Amino acid sequence: MNIKQISVFIENKEGRLKKALETLGNAGINIRALSIADTTKFGIIRLIVSDNEKAKQQLQKDNFIVKETDVIVVEIPDKPNGLSIILDLLDKGEINLEYLYAFTSNKTEQAIVVIKLEDVEKGIKYLEEGNATLLSQEDIDNL
Amino acid sequence: METMNIDDKKEHQLKLLQETVKKAYENVPFYKKKFDEIGVKPEDIKELKDIEKLPFTTKTDLRESYPFGMFAVNEEEIVEIHTTSGTTGKPTVSGYTERDIEIWGEVIARAITMADGTKKDIIQNCYGYGLFTGGLGIHHGGYKLGATVIPISAGNTNRQIEILKDFQSTILTCTPSYAMYLAEVLEKEGIEKEDINLKSGIFGAEMWTEEMREELERKLGIIALNIYGLTEVIGPGVATECKIKKGLHISDDHFYPEIINSKTKKTLDEGQKGELVLTTITREGMPVIRFRTKDITSITWEKCECGRTTPRMSRVTGRTDDMLKIRGVIVFPSQIERALLKIDGLSPNYQIIVTRPGNLDEIEVKVEATESLFSDEMKEMEEIEKNIALQIHKEIGIRVDVSLVESESLPRSEGKAVRVVDHRKFD
Ligand SMILES: [Zn+2]
């Protein structure tokens, strides 16, 4: 199943990342996962949070540019080369991977990855056929 | 007047200039003071070229004379007053005698005639009526010609369209951007150009482009002509375009034009681009001597294919106060804006930052990102920056460094955007 990720555009200058995180913190929003892609000039913060609607609203109120994107959140199998198993499944389906980032949770031992695919539906199909553990929004909320 | 032999005209202009200078010196303390400061007397004007000895008048001068300090006649002789909007400070006031209004009507009547207008025409005048010179200026011109003027003023598009259809107006007068808006609404409502009866439009009061002209002509089925003027000098009608569309004929029997280099203030030759300077040579209420318009144009005295001998100025492409010289190339913020408008989903909120790290000028253009173009993928964002840089390069011929910045992050002073930051040191 697909999960909504929130992306925020920030200029690569002091205090902007902090400001965005403060906006979320002040609104009582929990950040489950976070990654930053940046150039020398700007950055994109990608976030999995507890309440997308509220997060979006609060960020927009503070003049941030926000976008929601469909991603997949997968638990990495507790085996050697766990991540490769996942990537092999996607390769088999010839599904292009745009980016991924990993995070861990206190509740499970496993690492969890957020994956952005060119074709989300197809990716879900191949991962499910390969018995990968896809997390739902509810699973994420309970992490 | 419009087809007068050039030598006869020069003689005529000299006489009028001498009278104007004398009147201004004797009746307006501002001019007396300014002339005395540099030791020039009205008698020093012996030929037209001597105008270069006279001091310039700037918008600041007019502002400091607010409200009636520049009037050269008793207030009882003033029959009408207009002002600028005063968006960047105190407004400037323009006072007209009965004869001034007649002259104003005359020069605008020329514009209407150039647009094929006669007393049989119905002019839908959607320039704003009021202190703004657009509405009443066109009104006086239509009146002078004997045409029917519909003083509908600006706004209320539904009513405009109803009148266009019901009265079968033949000439449209408004700003080019409003004409464009009207055309779009007509299109949206399924009203064909055959349902209305427009044959021409006289558009001015803001800068516009040849591309806009083509679009207006196609959409409305009209000839779209440019009109130029400014409140400080008289209002619209200083220069008006004929159907040849190769520049705007300056009514130089009333307004004497010069082109100067805005930095050195030296008068430039025919065809050279520079700042337009205007001197009124017939105005009674408020003569203006060597007014610096800040508008960039060039002038040709070559006889026009339409037969008129009046000088023609090229379409105004920029203002001296926002002109930049980058690596020797002249760049106007309006060009950057035009490039940005070509990209879907982009807001034209930008800032140009000029630096000279070594010996070469560098331009950075900061553009505010928008929700509609923001992507969570880096390569797409970099693609957008590249595309913006490409469009700007096409427009100005110089490579620029584009940076996307957060929305509403660019400085605005009193609601007006600060478009240019020049960090170069020229001393
Ligand atoms: Zn002509």
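Visitor: What is the strand order in the open sheet of chain B?

Guide: This is a predicted model. In it, the four strands of that open sheet run in the order β20-β19-β18-β23 of chain B, and the pairing is mixed.

Visitor: Which strands are at the edges?

Guide: In chain B, those are β20 (401-405) and β23 (420-422), each of which pairs on one side only. From one strand to the next, the twist averages 20°.

Visitor: In which sense do β18(B) and β23(B) pair, parallel or antiparallel?

Guide: Parallel, over three bridges; β18 of chain B covers residues 350-355. In one of the pairs, B:Val354 has B:Asp422 of β23(B) as its bridge partner.

Visitor: Which helix packs on the sheet and touches β18 of chain B?

Guide: That is α9 of chain B, residues 333-341, which also touches β19 (362-368) and β23. The direction of α9 is at about 130° to that of β18(B).

Visitor: And where does α10(B) lie?

Guide: Helix α10 (residues 378-396) of chain B lies across β19 and β20 of that chain, at about 130° to β20(B).

Visitor: New topic. How do the axes of α4 and α5 in chain B cross?

Guide: Helix α4 (residues 98-114) and helix α5 (residues 133-145) of chain B cross at roughly 80°, with their axes coming within 7 Å. Angles of 65 to 115 degrees count as roughly perpendicular, so α4(B) and α5(B) are roughly perpendicular to each other.

Visitor: Which residues make that contact?

Guide: Among them are B:Ile101, B:Trp104 and B:Ile108 of α4(B), and B:Leu136, B:Ile138 and B:Leu145 of α5(B). The contact residues of α4(B) and α5(B) divide into eight nonpolar, seven polar and three charged.

Notes
Residues numbered from 1 in each chain as written. Chains lettered and ligands numbered in written order. Predicted model: local features only at pLDDT ≥ 70, side-chain atom pairs only at ≥ 80, totals over all residues. Heavy atoms only, no water. Pairing = 2+ DSSP bridges. Helix = DSSP H or I, 4+ residues; strand = E, 2+ residues; numbered from the N terminus. Axes fitted to C-alpha atoms, helices over the stretch in contact; angles between N-to-C directions. Contact = heavy atoms within 4.5 Å. Parallel < 35°, antiparallel > 145°, perpendicular 65-115°, else oblique. Nonpolar A, V, L, I, M, F, W, Y, C, P; charged D, E, K, R; others polar.
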